[in-house]
Amino acid sequence: MINRAVKVQSFDAKDPYAGLALVTKPVPKAEAGHVVVQITLRPVLLVDLMHIRHGANGFFTPGAEGFGIVHDIGEGVKTVKKGQRVVPFLALDPRNVEGSWQQYICVKEELLWAVPDSISDEVAAQFVINPWTLYGMLTDLKVPKGEYVLQTAAGSGLGRQVIQLAKHWGIKTINVVRRVEQKEELKALGADEVICTNEEEDVATRVKEITGGKLAYGAIDPVAGTLTKQVVASVRDGGQVFVFGALGGYDITVGVGDLFRGVRLTGWNLYNAITSAERRKLFTNGVSKLMEAKIIVPLVGETYDLADFQLAIKKSTEVSGGGKVLLSS
């Protein structure tokens, strides 16, 4: 039995993906209180590609999340059994520096979620990063029913799930996209308003028009860069803007006048948000119910074998309709 894994063997900033290689390694042993999971599906996430591109964590195996089957259990493990379908919370184990782009991984028993029969393998593989992030941000924004939340990069997989959950909670959405064809796609999904920057629509002006001058109650922004200035200008006095990505660059522009209005600009990071067991339980229970009820429905893209990781990376960087590319094994 072998454990195939994608590993960063070298790093070149000009061609970071060239340093990836498929290697073999021993299948880990099930230590006391731990479970060995055979990972069968894992999405190719933006955060994975960012870690590779920036040489994060040195020489490592990427993969922030995935789905698998319990392969073996260590002494004292009581909550799962061999053959059970599970999602391991890989990033929450401080000893674990290896990701899901491998076939077998050992994690603590308490860092597993037993997948219900009503949720498919492909959806379970996307249970954590995007759904937990949007669930946490919308929860923390505390947007009242009938008020507007503004989001950028709304055509992404996460952005589409924001629309789904906001509609379920009675929150209106103003969605910023770059491609005009995404307007009708997102409105069909339930988006209330869509602003296209490639049509030279000024975000702050349009938000003011849409809201009758009230502006958005709060906003979430994975783009950053110069777009954040328009986002902050679009939020009510004393409102909150969460930045959770850097698609537009690592520097942010903000109008001083908007800071004087009391608009709060804060970074939101999933791993910081779920460090406590209580908070993690809240996210697990909340998101699982939403997925079982088909309120949050992650889109599934093409599936590639783990050995074809370079093809999967290339596909995941192409413009798509939000479906996540999966690696199988």
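Mentor: Let's begin with a rule: a salt bridge is a side-chain nitrogen of Lys or Arg within 4 Å of a carboxyl oxygen of Asp or Glu. By that rule, K183, E201, R206 and E209 are linked in a network. Keep in mind that this is a predicted model.

Trainee: What makes R206 and E209 a salt bridge?

Mentor: Their side chains come to 3.1 Å, N to O. The limit is 4 Å, so the pair qualifies. R206 and E209 are three residues apart in helix α6 (residues 203–210), so about one helical turn separates them.

Trainee: Why is R206 called partly exposed, and why is E209 called exposed?

Mentor: Exposed takes a relative accessible area over 50%, and buried takes one under 20%. R206 has 21%, so it counts as partly exposed. E209 has 52%, so it is exposed.

Trainee: How do you know that K25 and E98 form a salt bridge?

Mentor: Their closest N and O atoms are 3.6 Å apart. That is within 4 Å, so the label holds. This pair links distant parts of the chain, with K25 in strand β2 (residues 20–25) and E98 in the loop between β5 (85–88) and β6 (104–108), 73 residues apart. K25 has 28% relative accessibility, so it counts as partly exposed.

Trainee: What makes D237 and R261 a salt bridge?

Mentor: The closest N and O atoms are 2.7 Å apart, so this pair is within 4 Å too. D237 is exposed because its relative accessible area is 52%, and R261 is partly exposed because its value is 23%. The whole structure has 16 salt bridges.

Trainee: How do you know that the S288 side chain makes polar contacts with T284 and N285?

Mentor: The S288 side chain reaches the backbone oxygen of T284 at 2.9 Å and that of N285 at 3.0 Å. The cut-off is 3.5 Å, so both distances pass.

Trainee: What makes a set of residues a nonpolar core?

Mentor: The members are buried residues of the listed nonpolar types, joined through side-chain atoms within 4.5 Å. The largest such core here has 41 residues, and V87, F89, F127, V128, W132 and L270 touch the most other members. Two or more residues come from each of α2 (121–124), α3 (129–141), α4 (157–169), α9 (270–273) and α10 (277–292). The largest share, seven residues, is from α3.

Trainee: Which residues is L270 in contact with, leaving aside neighbours within four places in sequence?

Mentor: V128, I129, W132, T133 and F283. There is also a second, separate core of 18 residues, including Y148, V207, L227 and V263.

Trainee: Why does T40 count as buried?

Mentor: T40 has a relative accessible area of 17%, which is under 20%, so T40 is buried. T40 lies in strand β3 (residues 34–43). Among the residues T40 touches are F67, I69 and L327.

Trainee: How are α4 and helix α5 packed?

Mentor: Their angle is about 35°, with the axes 9 Å apart, and the crossing is right-handed. R160, I163, Q164 and K167 in α4 meet Q182, E185, L186 and L189 in α5.

Trainee: What makes A153 and A224 worth a look?

Mentor: A153 has a positive phi of about 50° although it is not a glycine, and A224 has a positive phi near 65°. A153 is in the loop between β8 (148–151) and α4, and A224 is in the loop between β11 (216–221) and α7 (227–233).

Trainee: Are A153 and A224 buried or partly exposed?

Mentor: A153 has 23% relative accessibility, so it counts as partly exposed. A224 has 2%, which is under 20%, so A224 counts as buried.

Methods. Residues numbered from 1 in each chain as written. Predicted model: local features only at pLDDT ≥ 70, side-chain atom pairs only at ≥ 80, totals over all residues. Heavy atoms only, no water. Buried < 20%, exposed > 50% of the residue type's maximum accessible area, 1.4 Å probe, protein only. Helix = DSSP H or I, 4+ residues; strand = E, 2+ residues; numbered from the N terminus. Contact = heavy atoms within 4.5 Å. Polar contact = N/O pair within 3.5 Å; in protein donor to acceptor, adjacent residues only side chain to side chain. Axes fitted to C-alpha atoms, helices over the stretch in contact; angles between N-to-C directions. Left-handed = near helix turned anticlockwise from the far one by under 90°.
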